[in-house]
Amino acid sequence: MIRLIDQSLLADLIGAARQAPRLRVHRNFHPDDASPAHRLLIAIEPGSYVPPHRHLNPDKDETLLVLRGSLGVVFFEAAGQSGRCHVLCAGGESLGIDIPHGVYHTVFALETGTVFFEAKAGPYVPVSADERAAWAPAEGSGEAATYLEGLMERCAGPLCD
């Protein structure tokens, strides 16, 4: 089935993300979790915490392209030291990133109405204990909001031109 990605779809996703408890929603284009290629839109609002993680499977590199708003992407060393922060902006100089498997990373919205496209190999497999960053707070924990604020400060500065 042909599916059009238009401004109306993005607006609907943004509205749903603002109402979602986790402040983010997915719109999958792949038919099911077993599909060999996963393609999805993710609308994410500031305050949504995606715990740092990595994908150990060598087939699980992932590519992100920002369609609206701006997204912070932070990479980490294995022991938890935060490394480089990239700011991706819809229509900006840096609008996407390819993340190799095995690299700890997280993403977060830097402005309301942020939507990005993600592509990676399927099938869907939940993040394992070895792929979770043991040094980072769990989603929903009392420390998560403060940790996220610190990450956002690392990406502070001019957003998008």
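A quick word on what we're looking at. This is a predicted model, where local features need pLDDT of at least 70 and side-chain atom pairs count only at pLDDT 80 or more, while totals for chains, interfaces and linings use all residues. Residues are numbered from 1 along each chain as its sequence is written, and side-chain values use heavy atoms, with hydrogens and water left out.

Okay, the fold. The protein chain has 2 helices and 8 strands. When I say helix or strand, I mean DSSP runs numbered from the N terminus: H or I with at least four residues for helices, E with at least two for strands. Going from the N terminus, the order is α-β-β-β-β-β-β-β-β-α.

How about overall dimensions? The C-alpha atoms fill a box of roughly 45 × 35 × 30 Å along the principal axes. For 161 residues, a compact globule would have a radius of gyration near 15 Å, and the protein chain has 15 Å, so the two agree. That radius is taken over C-alpha atoms, and the globule rule is 2.2 Å times the number of residues to the power 0.38.

Of the 161 residues, 40% count as buried. Buried here is under 20% relative accessible area, exposed is over 50%, and partly exposed is in between, using a 1.4 Å probe and protein chains only. And the contacts, meaning heavy atoms within 4.5 Å? Among those between residues at least 6 apart in sequence, 75% join residues at least 24 apart.

Now the disulfide. In general, a disulfide is a covalent bond between the sulfur atoms of two cysteines. The rule used here is a pair of cysteine sulfur atoms within 2.5 Å, and by that rule the count comes to 1. The partners are C85 and C155, with their sulfur atoms 1.5 Å apart. This pair links distant parts of the chain: C85 is in strand β5, residues 82-89, and C155 is in the segment after α2 (144-154), 70 residues away. The torsion about the S-S bond is about 85°, so the disulfide is right-handed. Are these cysteines buried or exposed? C85 is buried at 18% relative accessible area, and C155 is buried at 5%.

Next, a few loop residues. L110 is in the loop between β7 (104-109) and β8 (114-121). L110 counts as buried because its relative accessible area is 15%. Which residue is 40 away from L110 along the chain, with its C-alpha 5.4 Å from that of L110? That's S70.

Back to S141, as promised. S141 is partly exposed, at 23%. Take S141 and F117: they're 24 residues apart in sequence, and C-alpha to C-alpha they're 27 Å apart in space. P123 also belongs to the loop between β8 and α2. A cis peptide bond joins G122 and P123, with omega about -5°.

Last stop, L23, in the loop between α1 (7-19) and β1 (24-28). What is phi of L23 near? Phi is near 60°, a positive value in a residue other than glycine. L23 is partly exposed, since its relative accessible area is 25%.

That's my tour, thanks.

Note on methods
Contact means heavy atoms within 4.5 Å.
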